[in-house]
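Hello,

Here is the structure we talked about handing over. Please open it and keep it beside you while you read on.

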Amino acid sequence: MKKCLLVSSVLLVAIVGSACNSATDVLTSQETVPVNEKAIEAVEVDMMNTEGNKVGTAMLSETPKGVVIHLMAEGLEPGEKAIHFHETGKCEKPDFKTAGAHFNPEHKEHGFENPKGFHAGDLPNLEIPENGIVDFELTVKTVTLKQGEKNSLLDEDGSALVIHAGPDDYKTDPAGNAGDRMVCGVIQH
Ligand SMILES: [Cu+2]
Ligand SMILES: [Zn+2]
């Protein structure tokens, strides 16, 4: 009996007073996490060009500071290029229009310099060097990989990571005047 009381006091106050064997029942049921709140720790995204060839990988990881994007790709056109999360996890070549508009669960306008902005999917421009190889990391606070949350990239139809032909001007709604979609990766669980 003494042992029972000790166990109960270590556990939640709410179960004190109930029979000893019910403590295990409570614990077991707490371990079951509802599917829609399941935390995905990392997603690997294949980055495809307009010919349908893989040019690299983006690893997305959930961290306390936000979602970390680690993009590794080669054979890219050098220069300053826009990169965004788009709303639909569908990358159909050659124009990737199937990825839809920018990921925008808060219904804002486009661009960091837009007073009515910005989209959760807006990201700072990528600087691609002369050799066309990128290996960079960026932490994004506006999105999550936690399913069931409003700003989750892993919503029902997934989302996409898109690199454009030109830079984002950070103000023109709805897409920053960034030109064609050159590389696209499906973000899906
Ligand atoms: Cu875009
Ligand atoms: Zn945008």
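**The largest pocket**

Start with the largest pocket, which is lined by 14 residues. Five of them lie nearest its centre: Gly75, Leu76, Glu77, Met182 and Val183. Two elements give two or more residues to this lining, namely β8 (159–164) and β9 (181–187). The volume of the pocket is about 200 Å³. Sorted by class, its lining has seven nonpolar, four polar and three charged residues. Keep in mind that this is a predicted model.

**The copper ion**

Next, the metals. Which residues coordinate the copper ion (ligand 1)? They are His84 through ND1, His86 through NE2 and His164 through NE2. The distances run from 1.9 to 2.0 Å. Look along the chain and you will find these donors in the spacing H-x1-H-x77-H.

Are these histidines buried or exposed? Buried means under 20% relative accessible area. His84 has a value of 0%, so it counts as buried. His86 is also at 0%, so it is buried too. His164 has 4%, and therefore falls in the buried class as well.

**The zinc ion**

Now turn to the zinc ion (ligand 2). Its coordinating residues are His102 (ND1), His110 (ND1), His119 (ND1) and Asp122 (OD). Here the distances are 1.9 to 2.0 Å. In sequence, the donor residues are spaced H-x7-H-x8-H-x2-D. His102 and His119 are 17 residues apart, and the pair links distant parts of the chain. Each of the two sits in the loop between β5 (83–86) and β6 (126–128).

**Where to look first**

Find the copper ion (ligand 1) with His84, His86 and His164. Then find the zinc ion (ligand 2) with His102, His110, His119 and Asp122. Finish at the largest pocket, with Gly75 and Met182 among the residues nearest its centre.

Best wishes

Technical notes:
Residues numbered from 1 in each chain as written. Chains lettered and ligands numbered in written order. Predicted model: local features only at pLDDT ≥ 70, side-chain atom pairs only at ≥ 80, totals over all residues. Heavy atoms only, no water. Donors = N, O, S within 2.8 Å, 3.2 Å for Na, K, Ca; no water. Buried < 20%, exposed > 50% of the residue type's maximum accessible area, 1.4 Å probe, protein only. 1 Å grid on protein atoms, 1.4 Å probe; cavity = no way out; pocket = protein on both sides within 12 Å on 5 of 7 lines; lining within 4 Å. Points joined across faces, edges and corners; volume = space filled by probe spheres on them. Helix = DSSP H or I, 4+ residues; strand = E, 2+ residues; numbered from the N terminus. Nonpolar A, V, L, I, M, F, W, Y, C, P; charged D, E, K, R; others polar.
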